[in-house]
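Here is a short tour to read alongside the sequence and the 3D view. Keep both open and follow the residues as they come up.

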Amino acid sequence: MNLNYVKELEDLKAKKAKLKKIREDQIETAVFNFKLKSFNEYKAYFKNKGFAIDHSSNSEFTKIIASYNKSSIILICENEDLIGTYAAFNISHNIGNNNKYTVLLNIKSSGPRIKIISRPNPKDENAVLLSDIDEIKKEIANLENKIATSDIDLYLHIKELNNQQFSSMNELLISLFE
C-alpha cells in the first residue's frame with residue numbers, strides 16, 4: 001500500500017467535505033430566498049384579486065391567510081427538515097371540493113440519481129486507492145463547477161395533482177385559481 005496514495009486520498013476527502021459545505025450553504029441561501037419570494041408572490045397575487053392578507057411568522061412556521069368575506073385561502077410553510085424536498089407549502093381553503101394541496105420545493109436534477117462505480121480487485125490495494133482518488137477528483141470537479149456557476153434551479157410542484165413544475169408561486173397560483 002502506497003502511503004502517498006493514502007495521504008492524497010485523505011486530503012481529497014477533506015477538500016470534498018469543505019466544498020460540499022459551501023454548496024450546501026449556497027442551496028440553503030437559494031431555498032431561503034425562493035421561499036421569501038414565494039411568500040411575497042402569494043400575498044401579491046391575492047391582494048391584487050381583492051383579498052385581505054394576514055401574515056404571521058415565527059421560528060416554527062410562516063402562515064399567510066388570504067380572505068374575502070367568509071372565504072379564505074391559507075398558506076402554511078413549516079420550518080422543518082424534510083427528506084426528499086427542500087420545503088413544503090400547505091395550501092388549504094374553504095371553497096369547493098379540492099381544498100388542500102401540498103406544494104413541494106425541489107431542485108431540478110441535471111444528472112442521474114444512481115451512480116454505478118466499477119471497483120478494481122480489492123487485493124490490489126494501490127489500484128483501489130487510485131480508483132478512489134480518481135472518483136473523488138471527479139466529484140470535486142463537479143462540486144467546483146456547481147459552486148462557480150451557483151446554478152440552483154428550484155421549482156415547485158403540487159403533490160396531489162401531477163408532476164407539473166412551476167418556476168414561481170405566482171405561476172402555480174394561476175394554474176390553481178384561474
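Is phenylalanine 39 buried or exposed? Phenylalanine 39 counts as buried, because its relative accessibility is 7% and the cut-off for buried is under 20%. Please bear in mind that this is a predicted model.

**Around phenylalanine 39**
- Phenylalanine 39 sits in helix 1, which runs over residues 3-48.
- Beyond its neighbours within four places in sequence, phenylalanine 39 is in contact with Thr62, Ile64, Leu75, Cys77 and Phe89.
- Methionine 169 is 130 residues away from phenylalanine 39 in sequence, yet their C-alpha atoms are 7.9 Å apart in space.

- In soluble globular proteins, nonpolar side chains tend to be buried together.
- Here the largest nonpolar core has 30 residues, and Phe89, Leu156 and Leu172 have the most contacts inside it.
- At least two residues of this core come from each of helix 1, strand 2 (61-68), strand 3 (71-78), strand 4, strand 5 (100-107), strand 6 (154-158) and helix 3 (169-177).
- Helix 1 gives the most to this core, with eight residues.
- Another core lies apart from this one; it has nine residues, among them Leu19, Ile133, Ile136 and Ile147.
- Which residues does leucine 172 touch, leaving aside its neighbours within four places in sequence? Leucine 172 is in contact with Ile91, Val103, Leu156, Ile158 and Phe166.

**Aromatic rings**
- The model has six aromatic pairs.
- Tyrosine 45 and phenylalanine 46 form an edge-to-face pair, because their ring planes stand at 85° with the centres 5.0 Å apart, and planes over 60 degrees apart count as edge-to-face.
- Both partners are buried: tyrosine 45 has a relative accessible area of 6%, and phenylalanine 46 has one of 2%.

- Which element gives the most to the lining of the second largest pocket? Helix 1 does, with seven residues.
- By type, the lining residues of this pocket divide into nine nonpolar, three polar and five charged.

- Aspartate 11 and isoleucine 133 are 122 residues apart in sequence, while their C-alpha atoms are 9.8 Å apart in space.
- Asparagine 69 lies in the loop between strand 2 and strand 3.
- At 72% relative accessibility, asparagine 69 counts as exposed, because the cut-off for exposed is over 50%.
- Most residues other than glycine have a negative phi.
- Asparagine 69, by contrast, has a positive phi, near 55°.

Technical notes. Residues are numbered from 1 along each chain as its sequence is written. This is a predicted model: local features need pLDDT of at least 70, side-chain atom pairs count only at pLDDT 80 or more; totals for chains, interfaces and linings use all residues. Side-chain values use heavy atoms; hydrogens and water are left out. Rings of Phe, Tyr and Trp (its six-membered ring) pair if their centres lie within 6.5 Å; planes under 30 degrees apart count as stacked, over 60 as edge-to-face and the rest as tilted. Buried means under 20% relative accessible area, exposed over 50%, partly exposed in between (1.4 Å probe, protein chains only). Helices (H or I, at least four residues) and strands (E, at least two) are DSSP runs, numbered from the N terminus. Ala, Val, Leu, Ile, Met, Phe, Trp, Tyr, Cys and Pro count as nonpolar, Asp, Glu, Lys and Arg as charged, and the others, Gly among them, as polar. A nonpolar core is a set of buried Ala, Val, Leu, Ile, Met, Phe, Trp, Tyr and Cys residues joined through side-chain atoms within 4.5 Å. Contact means heavy atoms within 4.5 Å.
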